Amino acid sequence: MADNDTGPVGIYTINESGLCDGDSYLTSSLSGVFQLAHVLMGIGYFGGSTLHGLLYTYICLFLAYLVFTVYGFQNACAADIGGWSFVLMILCLIQSIWAIWRMREVSFSEELTKVYEALFHPLKVPLLVYKALVNCPNCQIVSLEQGNNYATEGKTPVDRLSLMISGKAVVIHDGRKLHMIGRNQFLDSPEWEAAKDQEDPGKFQVTIRAETDCVYLTWPRRELLNLLARRRYLARVLSAVLGRDLTNKLYILNEKVMTPRGSKYDIRLPGFSRLLGQFDLDAKGVASFVPQRFGSGPEADRGTTGSPYAPVRPK
């Protein structure tokens, strides 16, 4: 090195003209700082796509760019690295604060919190996913007085999905009670599953009447379908919750379906869904098997099973 050189600064040297001499690379303690920044940046990308994962990623990137900033400003030949790293560090800090704020603002009313704890928390559904569901456009909490109908057989269109928050309702078909609907159960899950892929969802084949004063959460059909089309994880979660609700309803109906010999049907056997339309309730509410012939007539042409839950579609 010449006598008039300014000497080593950082891991480079500056020549007599005041420019960085890239050929004179020197080992320095700052090289360890440079490696540490890359390590922090590398482990930051293992955060995942959840809100906590994004917060982890932004914090790691913030620390990495902080180290890059220190490295850049301690090196006369890397001032541009320090400047850009400082800008990126501020951006990561803002993103981290925003993620923390989003975590703090996820709160619900007492009614919606109980619904989350009963149905979605056992599935480990993040609060933000549940928030997207209950914040669906035109989603609202509705009250239904005792004796009023939620749906009327053959008249009410299948244009919504509703979840009972409190109260009890009874499902009636042809003037006879099928089963009860209680808290944290869907009022119209069979109709939703039967018609969710249809352009014309049809009308209810059952009457749903409030046995007590009820409060339920309802989603309009079109808005909910649009939301599920955008949020695939939410669609899978809701499908699992609806599947469990449908299974419980089938087991309740299975308790009432009797063969001519007095035994009960096993809903795990193939073709049980067809039997739902082949039983008749007596005065005690016990169903007896009524043989019907399949494969002919308008029902067979439409491909329906005769279930009381299959929506009626206009001809």
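**Entry 1: salt bridges**

I looked up Arg160 and found that it forms a salt bridge with Asp159, the closest N and O atoms being 3.9 Å apart. I applied the rule that a salt bridge is a side-chain nitrogen of Lys or Arg within 4 Å of a carboxyl oxygen of Asp or Glu. The model is predicted: local features need pLDDT of at least 70, side-chain atom pairs count only at pLDDT 80 or more, and totals for chains, interfaces and linings use all residues. Residues are numbered from 1 along each chain as its sequence is written, and side-chain values use heavy atoms, with hydrogens and water left out.

Asp159 is partly exposed, with a relative accessible area of 40%. For this term I noted the cut-offs: buried is under 20% relative accessible area, exposed is over 50%, and partly exposed is in between (1.4 Å probe, protein chains only).

I recorded a count of three salt bridges. Glu110 pairs with Lys114, with 3.5 Å between the closest N and O atoms. Both residues lie in helix α4, four residues apart, about one turn of the helix. Helices here are DSSP runs (H or I, at least four residues), as are strands (E, at least two), numbered from the N terminus. Glu110 is exposed at 58% relative accessible area, while Lys114 is partly exposed at 47%.

I then turned to Asp245 and Lys249, whose side chains meet in a salt bridge of 2.5 Å, N to O. They too are four residues apart, in helix α8 (residues 232-254).

**Entry 2: helices α4 and α5**

I looked up how α4 (residues 110-120) and α5 (residues 127-134) meet: their axes come within 12 Å and cross at roughly 120°. The axes are lines fitted to C-alpha atoms, for helices over the stretch in contact, with angles from 0 to 180 degrees between N-to-C directions. The two helices are therefore oblique to each other. Under the rule, angles under 35 degrees are roughly parallel, over 145 roughly antiparallel, 65 to 115 roughly perpendicular, and the rest oblique.

**Entry 3: Thr207**

I located Thr207 in strand β9 (residues 207-210). At 8% relative accessibility, Thr207 counts as buried. I noted that its C-alpha atom is separated by 8.6 Å from that of Asp174, 33 residues apart along the chain.

**Entry 4: Leu88**

I found Leu88 in helix α3. Leu88 is partly exposed, with a relative accessible area of 32%.
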